[in-house]
Amino acid sequence: MAERGGTRGGFGTRGGRGGEGGRGRGEGGFRGEGEGRGRGRGEGGRGRGRGRRGQRPKEDTKAWVPVTKLGRLVNDGKIRTLEEIYLFSLPIKEADIIDRLLPDLKDEVLKIMPVQKQTRAGQRTRFKAIVVVGDGKGHIGLGVKCSKEVATAIRGAIILAKLSVIPVRRGYWGNKIGAPHTVPCKVTGECGSVLVRLIPAPRGTSLVCAPVPKKLLQMAGIQDCWTAAKGCTATLGNFAKATYAAMAMTYSYLTPDLWKETVYTKTPFQEYSDHLANTHKKYTVGLGDKHYQ
Amino acid sequence: MVLLGFIDEPKGGKTTNDDNPSNWTISRIGGQAAFPNDTISTKVKSSLLCGKCQKEQIFVCQLYCPLDGHKYDRAIYLFACRNPSCWNASNSWTAIRCQKYDETVEEPMPVDIESPAKVPLSSTDWCDDADAWNSDDDGTTTTTKKPAPVPTIIKKEIKQEPEVMLNTMKIEDDDHNNESEKSSSDEEDDNNNNIEVNTKKKSSNKNVSVASSDAFNEWKKTNLSKQALNVSNSASFPFYYIVIDDEDDIVDEAKLNEKRKLRKAMKKLGDIDEDDDDETTKGAKEKYEKTPDFEHGDAVFHRFQQKIRYAPDQIIRYDWSGHPLILTKADENTLSSAQKCRNCQSSCNFEFQLMPALVNFLKIDNQIGLEFGTVFIYTCSANCWDEKNDLYRVENVFVQADPDQNLFD
């Protein structure tokens with residue numbers, strides 16, 4: 001294993017002068033100390049652990065250590081596709097899960113803009129970053145993060161975008177030849193005053209829309225689409241979110257080919273049908289039981 | 001002042017002689033418990049039974065944690081039940097505390113060496129930086145203060161950052177709150193905390209759709225097959241040492257590395273020109289948006305994650321008489337039951353907790369052998385001990401399950 005900084009030995013409230021950086025004598029009972037770091041609480045003196053030095057791995061070589069149960073399952077390979085998580089309705093709380101399940105995910109910064117908030121001491125400027133992630137194969141995520149520094153905002157927005165990855169259903173405009181290339185039906189999404197409508201288009205139309213939704217649709221893997229937008233589309237945050245909402249609707253829409261979906265679990269009536277039949281008999285005696293449901 | 005424990009492979013490192021695994025004064029995970037003397041191990045077996053299923057418990061870890069001002073060598077041992085139906089239950093865990101009087105301990109000496117060294121650094125630091133206010137050249141500010149492995153100087157470097165950052169961003173900002181980046185990120189954290197408190201739990205009341213639950217049950221049967229507990233008493237978890245580090249230092253170092261990386265990333269991004277979009281966004285100025293940091297709705301877990309994000313592989317979090325870092329909402333009543341000492345009836349306080357990352361290392365035959373969310377250990381605040389009669393004392397354990405455990409059951 002890579003090496004870490006730190007010592008073995010003991011935990012505790014006692015300070016000690018443990019070894020660090022090769023200066024250790026192997027005797028540093030590490031009780032919350034280190035060298036030359038004034039704890040400021042009167043810890044000092046000699047620690048007593050009999051420890052050996054170990055060292056922590058450097059930043060770059062850190063592998064993902066899952067913290068949630070879902071993360072552990074993904075790490076072990078028990079869950080292989082993101083679709084399983086969607087199917088089982090499990091909440092995704094770690095962004096590394098998405099990294100593992102969608103290795104070819106690309107991210108792009110749509111915009112970074114300064115926003116100002118009025119405080120008593122004048123104006124506070126923060127940076128808002130809008131990031132879209134997608135793999136071009138039916139997954140899209142959108143993250144918006146506001147922060148005092150640009151880079152922190154971008155990083156935070158990427159993590160938020162990964163946590164909000166959603167499947168996008170693609171369909172056909174006419175003949176069902178080849179792979180799906182457009183939205184399955186007309187869907188609309190709203191955010192703020194912006195309304196975005198996605199309309200199926202024939203193959204070869206390419207994306208007929210403004211640059212912002214174009215970026216989103218491209219990253220989702222939709223090749224042809226007509227769009228209509230309403231409202232103040234200059235507010236990029238709302239525009240992007242409205243498009244994202246429209247794409248989310250594709251899997252919420254009940255199309256005719258989904259009418260026949262079989263229900264796998266027994267309804268409670270079926271399971272306890274014997275019991276119900278017995279109880280029913282009492283009430284329908286004398287009423288002609290055939291015609292009552 | 002929180003100490004963090006990390007996994008350390010047993011046969012690694014620079015020293016050639018391995019620590020003796022039977023040395024009871026070293027913190028470790030797995031293998032067999034090492035007691036101060038052998039009579040303890042035989043006598044303690046009777047109390048090492050699961051409170052739920054009465055089976056024998058397996059040794060999880062031991063921590064060597066002597067207390068300040070105490071002349072005792074002190075260690076705490078943790079045992080848990082491997083039975084899958086007993087996971088995540090507080091009464092299937094047992095914590096044992098053993099102490100041994102040690103004459104050789106000296107009283108702690110006041111730390112004179114470190115604290116004076118620190119004060120002049122902070123007071124002159126500001127004065128040095130004051131000269132560099134108008135300097136546009138990054139080189140002068142960084143070459144005068146060479147980074148050194150001693151962490152106190154790392155703190156200085158952080159204070160220099162504002163000049164560098166402000167220069168690259170080209171803002172005329174009078175806001176003095178931007179001065180110290182360390183406080184700025186902390187402030188952001190505080191703001192995030194304020195935001196989190198107000199958000200509702202979105203997923204708390206959602207029902208799993210009927211159609212997919214059967215598919216989920218099938219998947220659970222194949223993948224989460226909890227093997228019948230073949231009670232092979234010789235089974236034990238793989239052996240690791242625990243390496244200990246201070247949380248503050250790790251966090252500082254990690255923040256520094258993060259800033260470096262982000263600065264590199266920003267250079268690739270190029271200059272952000274804030275004023276060019278004024279033409280396009282006429283009358284449509286983007287507003288400051290209070291976006292919640294998460295969509296999954298679990299505010300408590302998000303706070304937990306934020307706390308450990310600089311060292312996510314930590315397995316032990318030691319904070320004597322501190323506060324536990326909760327993973328899910330903890331009911332005050334249930335927690336208070338863990339706060340009374342069994343032996344002397346005085347109150348217990350929190351000592352340390354096991355973190356979820358530890359579950360990855362508790363494997364038997366490459367299968368997860370024990371699961372939990374996080375485990376809090378509460379020990380007697382008076383550290384009661386009868387020198388003549390006592391071999392060990394039992395302490396209180398409180399277990400929190402993974403936040404989504406109910407979905408997997």
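Q: What share of the contacts in chain B with a separation of 6 or more comes from residues 24 or more positions apart?
A: The share is 76%. The model is predicted. A contact here needs heavy atoms within 4.5 Å.

Q: How many helices and strands are there in chain B?
A: Chain B has 10 helices and 12 strands.

Q: What makes a residue of chain B buried, and what percentage of chain B is buried?
A: The cut-off is under 20% relative accessible area. Of the 409 residues in chain B, 49% are buried.

Q: What joins β11 of chain B to β12(B)?
A: There are 5 bridges, and the two strands run antiparallel. Strand β11(B) covers residues 374-380. With at least two bridges required, these strands also pair. Thr374(B) has Gln400(B) of β12(B) as its bridge partner.

Q: Which residues touch the most other members of the largest nonpolar core?
A: They are Val60(B), Leu78(B), Trp93(B), Leu354(B) and Phe372(B), in a core of 41 residues. Membership asks for buried residues of listed types, joined through side-chain atoms within 4.5 Å. Strand β3(B), residues 58-64, gives the largest share, 4 residues. A second, separate core has 36 residues, including Leu82(A) and Ile112(A).

Q: Which residues is Trp93(B) in contact with, leaving aside neighbours within four places in sequence?
A: Among them are Val60(B), Leu78(B), Leu354(B), Phe372(B), Val397(B) and Val399(B).

Q: Why do the buried residues of α5(A) line one face of the helix?
A: First, the residues. In helix α5(A), residues 211-220, the buried ones are Val212(A), Pro213(A), Leu216(A), Leu217(A), Met219(A) and Ala220(A). Seen down the axis of α5(A), they fall within an arc of 165°, so they line one face. An α-helix has 3.6 residues a turn, so residues three or four places apart point the same way. After α5(A) comes Gly221(A), with a positive phi near 100°.

Q: What does UniProt list for residues 105-168 of chain A?
A: An unreviewed UniProt entry lists "domain: S5 DRBM" there. Over residues 105-168, chain A is 22% helix and 59% strand.

Definitions and conventions
Residues are numbered from 1 along each chain as its sequence is written. Chains are lettered from A and ligands numbered from 1 in the order in which they are written. This is a predicted model: local features need pLDDT of at least 70, side-chain atom pairs count only at pLDDT 80 or more; totals for chains, interfaces and linings use all residues. Side-chain values use heavy atoms; hydrogens and water are left out. Buried means under 20% relative accessible area, exposed over 50%, partly exposed in between (1.4 Å probe, protein chains only). UniProt positions are given in the numbering used here, feature names are shortened, and annotations may be inferred rather than shown by experiment. The arc is that of the directions from the helix axis to the C-beta atoms.
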